Amino acid sequence: MDHAVDQLEHLYRETGPALLAYFRRQSSLAGAAEDLLQDTFVRAIHSFGRLRSSVTPRAYLFGIARHVTLEALRARRPVIELLSEAAAPEVALEDARLEPMRAAIASLPVMHREPLLLKLQQELSYVEIAEVLGIPVGTVRSRLHHAVSLLRQTLNPPSES
Amino acid sequence: MNSEMLETLLFDRAFGELTPEVAALLEDHVERTPDAARRAAEIHATMQLASASVTSPGSPSIRALDVDCLRAAETRMKWSTRRMQILPLAACLALGLGVGWLAHSFQPPAETPANHPAPALALATSQPAASPARFWSLARLEREQTAITPRGRSDRHPVDLNWKSAAKLPHLEEYP
């Protein structure tokens, strides 16, 4: 089983930074992001067989990270939404439309916001997002389309007649 | 192409999920159709702005993976797996031993000679004089029936077993 540890080390180097960024975007968990990252890989070794048979190891690790995040958020506060707000980037805003867009994304329902952020921030494919969230690919597709439609209306509000 | 299908394809295009063939066909349609071009431009702008609003430049640096922790977790998992394999086998073995002990405890009594009928035509002179359990004993039948109708041995004629009903005991018949 040293082979499993070696493979996980390789995945850690490849996917670790993206997973760490994912944890740090949860504003209430930013301080524990590295511990959550290590916890993700400890859980991955417990289900190494499923990791190897998943669509992509990256998607499977993000799925574990999502569960780790949910558990950590529940432990900190009794009721909290996953990704309750899109975390602000560290660079200064260059476009005045960024803040309204960020607010629009934060106001999306969780079922639409979550796949959108996985797409925009982690650049996962439809199939990978489906594996992370445990939903069909068609559902991922329709939720993403609906999310972008709503955001498009924010940028281009229909003119009142 | 209807409006809904066009919009769906434009979204897939913005998410990079179209195959190269479909992407080329859609590109051609967008170039030739002003309305499609306008929608494509809106969706593209929305995606660009949304992506810029939620992504931060650069990748954060991470500390090294705690390999010792991983190996410890791996060892715990191995022992847990072995325990899960051994426990059912032990349970089956215990169950088998229990069933075997119960079966041995309730073994039926040893078979006695009375349970075995003697061959029908065997006149066993070495048999005990009185053996009421020997249903098939011709010697017994002969003794019983000669006791009822005593007769000298010289008067004996060859006998045969007459047993017409299973509900009745057989009796011996002499040939004339």
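This is a predicted model: local features need pLDDT of at least 70, side-chain atom pairs count only at pLDDT 80 or more; totals for chains, interfaces and linings use all residues.
Side-chain values use heavy atoms, without hydrogens and water, residues are numbered from 1 along each chain as its sequence is written, and chains are lettered from A in the order in which they are written.

Chain A contributes 46 residues to the contact and chain B 36 residues, contact meaning heavy atoms within 4.5 Å. Between them, the two chains bury about 3800 Å², 66% of it on carbon and sulfur atoms; buried area is the accessible area (1.4 Å probe) that two parts lose on being put together, summed over both. Of the area that chain A buries against chain B, 17% is supplied by Q38(A), L120(A) and R152(A), more than by any other three residues.

Four salt bridges are counted between chain A and chain B, each a side-chain nitrogen of Lys or Arg within 4 Å of a carboxyl oxygen of Asp or Glu. In the salt bridge of E17(B) with K119(A), the closest N and O atoms are 2.9 Å apart. Helix 1 of chain A gives the most to the side of chain A that touches chain B, with 10 residues; helices (H or I, at least four residues) are DSSP runs numbered from the N terminus.

V127(A), in helix 7 (residues 126-133) of chain A, is partly exposed, with a relative accessible area of 39%; partly exposed lies between buried (under 20%) and exposed (over 50%), with a 1.4 Å probe and protein chains only.

Terms used. Helices (H or I, at least four residues) and strands (E, at least two) are DSSP runs, numbered from the N terminus.
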